[in-house]
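Keep the 3D view open as you read.

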Amino acid sequence: MSCMSVLTRDEAQTRAQLLDVHHYTIDLDLTGGDETFDSRTVIRFTVRGETDATDTFVEVKPAELRAVTLDGHPLDPETLDENRLPLKNLTPGEHELRVDATMRYSRTGEGMHRFTDPTDGETYVYTQLFLDDVQRVFAAFDQPDLKAVFDLTVTAPQGWTVLANGITEHTGDGRWKAATTPLISTYLVAVAAGPWHSVRTEHRGLPFGIHCRRSLAPHLDADADELLDVTRACFDRYHEKFEEPYPFDSYDQAFVPEFNAGAMENPGLVTFRDEFVFRSAVTDTERQTRAMVIAHEMAHMWFGDLVTLKWWDDIWLNESFAEYMGYQTTAEATRFTDTWTDFGVSRKAWGYDADQRPSTHPVAPENVEDTASALLNFDGISYAKGASALRQLVAWLGEKDFLAGINLHFKRHRFANATLADFIDSLAAATERDVHAWADAWLRTTGVDTLTASVDSRPGQWALALDRDGDRPHRVTVGVYDRDLSDGRSLVLRERYETDIPRDTAPEPRPGTRPALVVPNDLDLTYAKIRFDETSLETVLRGLSGVPDALTRAVVWNALRDMVRDGELAPADYLATAAAHLPAETDLALVQGVLAFATVHVADRYLAPGRRPAALATLTELCRDLIRRTEDGDHPGLRLIAVRHRIDTVAHPDTIAAWLADGTVPGGPELDPELRWRVLTRLAVLGATDEAAIAAELERDPSATGQEGAARCRAALPDPEAKARAWEAMFARDDLSNYLFTATAQGFWQPEQADLVRDYVPRYYTEAVAVAARRGPAIADAAGRWAFPAHAVDADNLRLGRECLADADPIPALRRKLVDQLDDLARALRVREAHTAG
């Protein structure tokens, strides 16, 4: 990988003061082969000022820079310094820059990614230009506050369709022209080209389309009605919320292969990872997640695309807003009305974990020095914590004033750029509350507050005190529950009431006997860890399944999860609670979230290795209970979750090997490709399959997902030669795509194989640093996330990691992942020490 200079905040501010960028004309030729494509760019811009000539630069990262002219005069391509082409002695006034270059296709999801489908041999390309990867596709003044108008033409192979930010027209001979865009930022330009399978319709006079590769066509067609119904419902709901109409000429959603993110909010052409085109059975929660991502990306059309941040310190303005609106609008406008339960289980835990690591940062950090630093902030803080803060803001401000402030913000800054200060000023104009003080407390600080409940009970009355460890103001809903005397197991809601923390006065006594359970933050409207009073904790551990509302149960499960992570609840007690109460759970997100935490964190990391087999046996038996409970066929989603986790936790291969041989679980479901590969992966871990069986399964399913499944299985085989081949593929050959790298990494480390892979643990730190430096941020992220030896919960692994951070100078993307992984490792060690017998 050639070097690339990152853009600093100071450089961006200087260039923004110097330039007005008006127009890009971009001509891409995708017919030149598998490795490179041609890129020709014309940029029209104005230099501000009166007399003095000045210097600046344009970014471009070519395979070959063929020719450059400025105002008709040639510039020397040899002056290109890494990714910066100097523009010297610019005089005030209008200028035209022309850049003719050959660019490399990407195999890592950055820039112009190229993918050939192993199912049918068809090739697809698409752009991912976020955050500073536009320069891998065309020359640009690459910063978000230099918005411009874009005209794009593309030459593509015969039989391909070209999608872009605006409506595209085929003009003959493989030439495609996209409609001129309004003012947008460089990172939002998008192209997706290939022999797409498309489903097109129209809504409110605008063309809508959904697109995928041809081999996924039957699966897209099967879900087309649902996808388009969700899209239309969210579109209509946003037009009820927002006074500014949808600002672009069409709305295409392309499901693209080997995509690094969940999706990307390119105006008029949202790109999604094509795992959202479901080729195997999924739960309703997974469908809900897909709907939420559709709603999230559509919210960006206004917040992010119409109004864009000035610099990357305000990335939360994009992501927190879209995250909040995605969940809220999905709940309001679609059949998926329980989205906030899933948010509480999956996303909020992501935020809590991120906010307790050394790498935490404010939701709105004040100083993001450069683009490399900015890329690290796409995390649980900017998404989950920020969305939680906005949900708390709405609870405190009221939705009417919140939306009034949002609409004022759109009006003031449409097709322009804005900062946190601009956003808060717009909100402040719509309310009498002190939004500026709220923003300082919530957006400029780090860490998670803890709200600890204590109950004072007297004859005929009781009072709740909430002690706050932290400094933020909170408005919470308190849920008060009694035992249902008719069955002794269920809990019934006595009342819910709102309270502010901190309070100016002592808590007022409430009439009645002491409740069986008091839940602070009952509706999950604030962002804080909670701790129960002693009576409530006992009620929870004995009677959690009797709590009537799924969102309340999510709050309770999150509290127990936090207590385990903080060493306050024994991991074995969490497992016992799961075993006791999950068999009666009806919410799929809760079942999935609790089983995942119990398996990946409790069994694999928090319990000593000698206790892991018993923990897995408990989880296997729990899944068997769930499978028995769902034999009537009325709960297919719950049954699917139970089957998946039974496969993942089984210690003896006979049962799942029989499932694979028969092609079905007795009583269903039949084993679709996802379940077949899941079974085969577990059999590989247990040493109960071989290369011949993996090759046969790959012949049965030669798709891209099948290729990943085979890579995962081969890396999981408990064989020294298999481990050596997988290691070389990840760290020596540099030809794995981002997805195949991840699949190989997922298979490599297995707790059951700790002795076999022990010698690779010290090698990881040296070789991950090297591969990250060679291959860049996307592979660095995968190496830090998936290839890290998280199973090795021991002091030697922690020491090796800390030495790597101190001495090896990993690139920022890998350094951030290592900091987080090592903090999680240290936490796991502390939990083990706190509960050596538990």
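The protein has 26 helices and 28 strands, and what you are looking at is a predicted model. Taken along the principal axes, its C-alpha atoms fill a box of roughly 90 × 70 × 55 Å. A compact globule of 838 residues would have a radius of gyration near 28 Å, so the 27 Å found here agrees with that picture.

Buried residues account for 60% of the 838. The accessible surface comes to about 31100 Å², and 48% of it belongs to carbon and sulfur atoms. As for contacts between residues at least 6 apart in sequence, 72% join residues at least 24 apart.

Next, turn to a pair of helices. Two packed helices are described by the angle between their axes and the distance between the axes. For H20 (residues 704-716) and H22 (residues 738-748), the axes come within 7 Å and cross at roughly 30°, and the crossing is right-handed. On the H20 side, the contact includes Gln707, Ala711 and Ala715, while H22 contributes residues including Leu740, Ala743 and Phe748. By class, this contact has seven nonpolar, four polar and two charged residues.

Finally, step back to the loop between helix H19 (691-700) and H20, where you will find proline 702. Is this proline buried or partly exposed? Its relative accessibility is 35%, so proline 702 counts as partly exposed. Leaving aside neighbours within four places in sequence, proline 702 is in contact with Pro118, Thr119 and Gln707. Gln707 also takes part in the contact of H20 with H22.

Technical notes: Residues are numbered from 1 along each chain as its sequence is written. This is a predicted model: local features need pLDDT of at least 70, side-chain atom pairs count only at pLDDT 80 or more; totals for chains, interfaces and linings use all residues. Side-chain values use heavy atoms; hydrogens and water are left out. Axes are lines fitted to C-alpha atoms, for helices over the stretch in contact, and angles run from 0 to 180 degrees between N-to-C directions. Helices (H or I, at least four residues) and strands (E, at least two) are DSSP runs, numbered from the N terminus. A crossing is left-handed if the near helix is turned anticlockwise from the far one by less than a right angle, and right-handed if clockwise. Contact means heavy atoms within 4.5 Å. Ala, Val, Leu, Ile, Met, Phe, Trp, Tyr, Cys and Pro count as nonpolar, Asp, Glu, Lys and Arg as charged, and the others, Gly among them, as polar. Buried means under 20% relative accessible area, exposed over 50%, partly exposed in between (1.4 Å probe, protein chains only). The radius of gyration is taken over C-alpha atoms; the globule rule is 2.2 Å times the number of residues to the power 0.38. Accessible areas come from the Shrake-Rupley method with a 1.4 Å probe; for residues, only the protein chains shown count as cover.
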